[in-house]
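Student: I have a new structure to look at, and I would like to learn how to read it. Could you guide me?
Tutor: Gladly! Let us open it together.

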Amino acid sequence: VVEHGVPDRTVLTTCAYCGVGCSFKAELKGDQVIRMTPHKDGKANHGHSCVKGRFAWGYATHKDRITSPMIRDKITDPWREVSWQEAVDFAATKLKATQEKYGRKSIGAISSSRCTIEEVWAVVKMVRTAFGNNNIDTCARVCHSPTGYGLNQTFGTSAGTQDFDSVEEADVVLIIGANPTDAHPVFASQMKRRLREGAKLIIVDPRAIDLVKTPHISAAHHLPLQPGTNVAMVNAFAHVAAMENLLDEAFIKERCDLPSFKEWLDFVKGEENSPEEVSKSTGVPAEDIRAAARLYATGGNAAIYYGLGVTEHSQGSTMVMGMANLAMATGNIGRRGVGVNPLRGQNNVQGSCDMGSFPHEFSAYRSVKDDAARALFSKAWGREQDAEPGYRIPNMFDEAIAGSYKGLYVQGEDIAQSDPNTLHVEAALRAMDCIIVQDLFLNETARFAHVFFPGTSFLEKDGCFINAERRINRVRPALRTQTGIQEWEATQMLCNALGYAEMNYESSAEIMDEIAELTPTFAHVSHKMLDERGSVQWPCNDDAPDGTPIMHVDGFVRGKGLFVVTEYVPTTEKTNRKFPLILTTGRILSQYNVGAQTRRTHNSDWHAEDVLEIHPSDAQARGVQDGHWVSIRSRKGEITLKALVSDRMAPGVVYTTFHHPETGANVVTTENSDWATSCPEYKVTAVEVAPANHK
Ligand code: SF4
């Protein structure tokens, strides 16, 4: 890749990293990308980009790319390069043998938010036809599945309520468990512009993220709560609003389910939700909680933005519903400048979930138990659809160790690095008879695989990503595929080899047409329409032919907004004398998730290793020195990192990132998970830290 010269053509496409979904022009000279230029008409980025998107695409042509399919009989054997057909036949034979021996439900797949919606759709369809079960799950399981559950329960659909531009009319911005300047930089800039214009900022986060104090912006309130106490905090906000008559009675009466509101109101008024009581669990002074709650309820348009610091908890779903309750009760929903807005980690988390890649849902969040939905898909796909939900990812691991789950197709996710309790995941992977990994690189999971399907980078893909504001963005091929075929074609070949010949798409545009036909919220969407008009936000159908920037304007998708009682239940992960600190995790600006892509770019020059942030008082008590190695021990395992002594963390809380496999942060995380969705509780692990020798 050269980074200079005059391009001879440009291709308009979409960044493959975070959920902002910035539009870029890939500038090409011959068959080389020479530059990525943010598109000034990009509706999510308006000509802006961040350091990840602009400079981190070198991985697409990195020498580590695997470009030929590979197979091996045993995971201790060396890989053998073969043709696509041989790899597909090998995989199909193994999967069929597994099902014959262990039953129809002994195999399944995990789809990826790094792939296009068309690629995800093909995998979902393969599982529900050729595999003949619902054992399909998505990597959103370990990030935003509580968003899906919580917003569906309260509002009636599993998606954020606003477009990004809506923040320009927010008077109060409430950020909970998110670090937009590092994880969603382009949207963070838009938010900062609004804050500089005078909008007030409240931050609920155990760590002093950059936005707490950044040039010309100073948060009105930073509530550095103890990890795991979000639900107590949101209930206290609601308590203050209810007790001080700050609720929007007219909105509640007109738009919400009144019996559920009355039950919720009785609950939030309870003394256990008062700032004084909540101060005991959160560690935040009652007067700070009360002042922040008053500002949210009385400051004009109040918008909530949240991230994985909300969802990756044992009460992740409860917290999402708690925020929805608060927004409805104060009338902060259904217009610009307000809402409940998940900041999605990966580029296509929203799209992957929209495509029905959860084991209990078809596309558009229709339950597999819904007779009409099942009949629709049974007829369209020519296979009777199963009413029994399939396994979630953690169930797949547990069943593998129990001996009944034996085959897995993993599309673009590195579960051996990204999922919690690594030793448990590795034991599950070792127990399986057939693992097919589809990825750009030989990732950590590939160590346990029998078949490797090389994937395509975003510069080779043809399809769509859907960003955090439900925007369907086109991804167009700028380079020819290094693997010879698109990823959906590999899935289709496997599907055919397993006996389902009815999957016979000729293009990804044809897959999009099928998505539109079977998914009411996408009814008007096609590649042709997106190419002619640019991106749109779903729902885009007869009711909303131009798409839908703001949801729930005249009524909630479910009819009346539903209040849910959100009782705070402390996590079972407790500190004690042996493990007195809480470890929480996050991300850094220059790296993206497990780093498989960004580590293969110049971004690693800025962030070559993960470190442990520790408060000076905790460091001093343990003889830990800045820049020296420390061991971090939990009930699950031990890792070694360099210490960064910093007062960004409150005493008693330590913090790290997980961008480098050698860090192995998930060796220490636990199997605790959200009660409703099994999303892992990455954000709360009891640990002890001690000086260590150099690794
Ligand atoms: Fe935009 Fe996110 Fe890509 Fe940065 S990483 S360019 S904010 S989509």
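Student: Into which domains is the protein divided?
Tutor: Keep in mind that this is a predicted model. The protein is split into domain 1 (9-61), domain 2 (70-143 + 348-513), domain 3 (145-342) and domain 4 (581-691).

Student: How far apart do the C-alpha centres of domain 2 and domain 3 lie?
Tutor: Their separation is 35 Å. The contact draws nine residues from domain 2 and 13 residues from domain 3. On the domain 2 side, five of the residues are nonpolar, one is polar and three are charged.

Student: Now the ligand. Why does it lie between domain 1 and domain 3?
Tutor: Because domain 1 (9-61) and domain 3 (145-342) both contribute residues to the shell around the ligand. Helices α1 (51-55) and α6 (185-196) each provide at least two residues of that shell.

Student: Which of the 14 residues around the ligand come nearest?
Tutor: Those are Cys15, Cys18, Cys22, Cys50 and Gly53. By class, the shell has eight nonpolar residues, five polar and one charged.

Student: What describes two packed helices?
Tutor: You give the angle between their axes and the distance between the axes. Here, α3 (residues 117-131) and α19 (residues 487-497) pack at about 10°, with axes 8 Å apart. The two helices are therefore roughly parallel to each other.

Student: Which residues make the contact?
Tutor: On α3, they include Glu118, Ala122 and Met126; on α19, Trp488, Leu494 and Cys495 are among them. This contact of α3 with α19 has seven nonpolar, two polar and three charged residues.

Key
Residues numbered from 1 in each chain as written. Predicted model: local features only at pLDDT ≥ 70, side-chain atom pairs only at ≥ 80, totals over all residues. Near = placed C-beta within 6 Å. Helix = DSSP H or I, 4+ residues; strand = E, 2+ residues; numbered from the N terminus. Nonpolar A, V, L, I, M, F, W, Y, C, P; charged D, E, K, R; others polar. Domains from an automatic or database assignment. Contact = placed C-beta atoms within 7 Å. Axes fitted to C-alpha atoms, helices over the stretch in contact; angles between N-to-C directions. Parallel < 35°, antiparallel > 145°, perpendicular 65-115°, else oblique.
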